[in-house]
Amino acid sequence: MGRTATKRERCMWDAHNRRIDYARVSITDRCNLRCLYCMPGDIPFIPHNDILRYEEILRVCATLAKLGVKTVRVTGGEPLVRKGCPDFLKELKKVPGVKHIALSTNAALLEPHIETLSKLELDSLNISVDSLDPETYARITGRDALSAVLGSLNAAIKAGLRVKVNFVPLRGLNDNEILPIARLAEANPVDARYIELMPSDAGNCVKGVTSDEVLAILANEYPDLKSDNSPRGFGPARYFVSARLRGAIGIIDAVSNRFCSSCNRLRLTSTGFLKLCLFHGDGLDLRQMLRGGASDDDIESRIEEAVYNKPESRQAQGGSNPESRIGRMSQIGG
């Protein structure tokens with residue numbers, strides 16, 4: 001099925017000749033923030049019994065690693081709201097075949113775990129910072145948590161963790177902070193990453209800023225800004241460097257610059273659904289298999305079959321428009 005892997009290294013290929021070796025794993029749909037573009041207001045959470053147990057997630061990750069997935073990014077909701085997240089990361093680190101572990105967090109609850117995460121030697125710690133102004137931050141996230149976030153950010157940098165700051169520019173809200181966010185990469189060895197607003201259910205109430213607009217502002221401030229192809233991560237970000245920056249500028253422009261042809265990822269939702277494409281409902285209900293007595297071999301073969309049939313692109317199929325139906329990012333895992 002797909003290309004034949006070498007005896008030394010097993011890997012998965014889909015029908016479109018893409019190697020699939022990256023998984024985003026959501027461990028909860030809950031979050032301590034209420035961001036306008038992700039989880040505004042009070043929404044019903046998934047019942048606890050419907051969320052995969054840690055041992056079930058580890059079983060899936062072990063199977064994915066056996067099939068060739070090397071990078072696992074742990075997400076939520078906010079992963080640190082789930083009790084035992086650091087211990088789960090320790091166990092994930094032990095899974096044979098998993099070579100890179102990353103964590104995405106809003107960092108409001110992060111600081112007490114910095115020492116533990118530093119000892120784990122995470123490959124990437126992505127921290128969401130949607131504003132450096134307390135009032136704007138509270139307006140976007142629904143919480144007065146900026147001081148805790150910046151405290152965690154500084155502690156992570158001091159501990160030597162590989163930090164990336166994620167910033168979603170929103171028109172009329174924080175689009176005047178594009179340069180202040182970049183200055184974090186001037187003062188610190190961190191990457192400042194600008195993420196285009198995704199067309200999720202929640203995102204309909206705000207408007208994003210295109211990557212071209214962001215790059216124009218940055219290029220004006222940093223005339224020597226140039227593309228950097230050195231390894232900086234495992235996802236779709238494009239990176240740029242300048243002599244004035246200690247870190248780099250990252251652009252994730254999934255809306256204006258589609259990268260379906262090079263997509264290498266899967267998403268495991270907190271309910272155990274293996275989602276093949278963010279913009280499509282196609283996938284595999286692994287929770288049903290896990291709790292229905294399926295063997296590891298059964299799960300492995302079903303995952304291989306599903307991955308082989310991964311959609312070629314996010315283009316609408318059958319006249320539908322999947323881009324308008326991503327759903328809630330907190331439930332998908334970003």
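Trainee: What should I know about the model before I start?

Mentor: Because this is a predicted model, local features need pLDDT of at least 70 and side-chain atom pairs count only at pLDDT 80 or more, while totals for chains, interfaces and linings use all residues. Residues are numbered from 1 along each chain as its sequence is written, and side-chain values use heavy atoms, with hydrogens and water left out.

Trainee: Which residues touch the most other members of the largest nonpolar core?

Mentor: In soluble globular proteins, nonpolar side chains tend to be buried together. A nonpolar core is a set of buried Ala, Val, Leu, Ile, Met, Phe, Trp, Tyr and Cys residues joined through side-chain atoms within 4.5 Å, where buried means under 20% relative accessible area, exposed over 50%, and partly exposed in between (1.4 Å probe, protein chains only). Here the largest such core has 99 residues, and those touching the most other members are V163, Y194, L218, I249 and I303. Helix α1 (residues 54-67) gives the most to this core, with eight residues; helices (H or I, at least four residues) and strands (E, at least two) are DSSP runs, numbered from the N terminus. A second, separate core has five residues, among them A254, C277, L278 and F279.

Trainee: Which residues of helix α2 are buried, and what covers them?

Mentor: In α2 (residues 85-93), the buried residues are C85, P86, F88, L89 and L92. Seen down the axis of α2, they fall within an arc of 155 degrees, so they line one face of the helix; the arc is that of the directions from the helix axis to the C-beta atoms. Their cover includes α1, β4, β5 (100-105) and α3 (114-120).

Trainee: Is R73 buried or exposed, and what does its side chain make a polar contact with?

Mentor: R73, which lies in strand β4 (residues 71-75), is buried yet has no salt bridge, and the nearest side chain of opposite charge, D123, is 9.1 Å away. For charge, Lys and Arg count as positive and Asp and Glu as negative, with His and the chain ends not counted. A salt bridge is a side-chain nitrogen of Lys or Arg within 4 Å of a carboxyl oxygen of Asp or Glu. The side chain of R73 does make a polar contact with the side chain of S104, at 3.1 Å. A polar contact is a pair of N or O atoms within 3.5 Å; within protein, one must be able to donate a hydrogen and the other to accept it, and residues adjacent in sequence count only if both atoms are side-chain atoms. Contact in general means heavy atoms within 4.5 Å, and, leaving aside neighbours within four places in sequence, R73 is in contact with residues including Y22, R24, L103 and N126.

Trainee: How many salt bridges are there, and which residues does R10 pair with?

Mentor: The count comes to 19 salt bridges. R10 pairs with E300, the closest N and O atoms being 2.7 Å apart, and this pair links distant parts of the chain, with R10 in the segment before β1 (12-13) and E300 in helix α9 (residues 296-308), 290 residues apart. R10 also pairs with E304, at 3.4 Å between the closest N and O atoms. R10 counts as partly exposed, at 34% relative accessibility, whereas E300, at 9%, counts as buried. R10, K66, E300 and E304 are linked in a network of salt bridges.
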